[in-house]
Amino acid sequence: MSEVTEITEDIEVIGPGRLLSDARQAKGLTIEQVAEKLNFRKGLVIDIEADQFDRTLPSTFNRGYLKNYAKLVEVPEEDVLSSYEMLGVAEKQSTEMQSFSKITKKQAQNRSLMWLSYLILAVLIGSTLVWFYQYQSSIEAKSVVLEPKLADSTNDNSSQAQQLKESAKQAEDGTELTPSTSVTEPAKEASEQTSQAIEQGTIEQQQSVEASTDTVVGQTPENTAEIEQTLEIDQADTTGTEATAIVEDVAIFTFSGDCWVNIYDATGERVAWGVKKTDYVMTIKGRAPFNVTLGKPELVTIEFAGQAVDMSRFNAGNIAKFTLPLEQN
């Protein structure tokens, strides 16, 4: 059996299925008759004539099917098997050509992507360079504009300093300031306005003092006595109010365990709240009576106005609400 190494695209490969199909039709046999005589499935006969072979089966099985079919239709077995071998070589070369074509296409795509990447990179570099040159140009233009301004401001400052020196020198010598060396007109006007305002304020103050003096002088002794009495009453009221405000009631709470408390004074102001820890001593001040709420009254001892408060009236484990001082039953 000759070995075929290469098949060109111009040569048409005739598969074993076509040889067997032509021979079957020349014999006047149908696919069903061939399947019945060879004890094949009808689908197997159709696949053989279509050159569709099960690649999962060993090649020996496919060769055996072809030999039996060739004997039935009286076709040389060598021609059928050679065509089968040729079909395998053609399929292999076709696969290789397809693989080569895919590789070529992929390389072309890679080249296109590479050139596109180079183009994008070149655009980015060019944009960066253009921006840099524009930025440098703008900075140089600003520096050119600012230099004359700085020079002018420097000259102005130097001239003002020179004028101040000359003014100070003339003041030391006792000479009068000339218009060229004097303080600027706005400053002079401001100083004049300030002096006028001071003089006006002094005059008004003197007038108010004189008016108040006239009022006091015009009062009679009776009016003076009434005014003094009114002042004494006002001072007494103020002193009493201050004394009343200073007086505060004091209560001392001592905790033998953790206990929650909430206490308000007579003004409605909350003076204590939260959980107090064991051995904590709390002193509260405010206006009595105090509205007290204790989570565990058996853990608290209270001293109000220097006297101990009887806590035995409250049941252990229950929340106690009461007022200090305690109401007498």
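**Entry 1: charged pairs**

I take a salt bridge to be a side-chain nitrogen of Lys or Arg within 4 Å of a carboxyl oxygen of Asp or Glu. Glutamate 32 lies in helix α2 (residues 31–38) and lysine 42 in helix α3, so the pair ties together parts that are ten residues apart in sequence. Helices (H or I, at least four residues) and strands (E, at least two) are DSSP runs, numbered from the N terminus.

I note that the model is predicted: local features need pLDDT of at least 70, side-chain atom pairs count only at pLDDT 80 or more, and totals for chains, interfaces and linings use all residues. Residues are numbered from 1 along each chain as its sequence is written, and side-chain values use heavy atoms, with hydrogens and water left out.

I then checked exposure, where buried means under 20% relative accessible area, exposed over 50%, and partly exposed in between (1.4 Å probe, protein chains only). Glutamate 32 is partly exposed at 42% relative accessibility, and lysine 42 is partly exposed at 43%.

A search of the whole structure gave me five salt bridges. One of them joins glutamate 49 to arginine 24, with the closest N and O atoms 2.6 Å apart. Glutamate 49 is in helix α3 (residues 42–49) and arginine 24 in helix α1 (residues 16–27), so this pair connects parts 25 residues apart in sequence. Glutamate 49 counts as buried at 15% relative accessibility, and arginine 24 is buried at 8%.

**Entry 2: the largest nonpolar core**

I define a nonpolar core as a set of buried Ala, Val, Leu, Ile, Met, Phe, Trp, Tyr and Cys residues joined through side-chain atoms within 4.5 Å. The largest has 22 residues, of which Phe253, Leu294, Ile302, Phe322 and Leu324 touch the most other members. Strands that each supply at least two residues of this core include β1 (249–255), β5 (290–294) and β8 (320–324). Apart from this core lies another, of 20 residues, among them Leu20 and Phe40.

**Entry 3: strand β8**

Asparagine 291 stands opposite threonine 323 in β8.

Methods: Two strands pair if DSSP finds at least two bridges between them.
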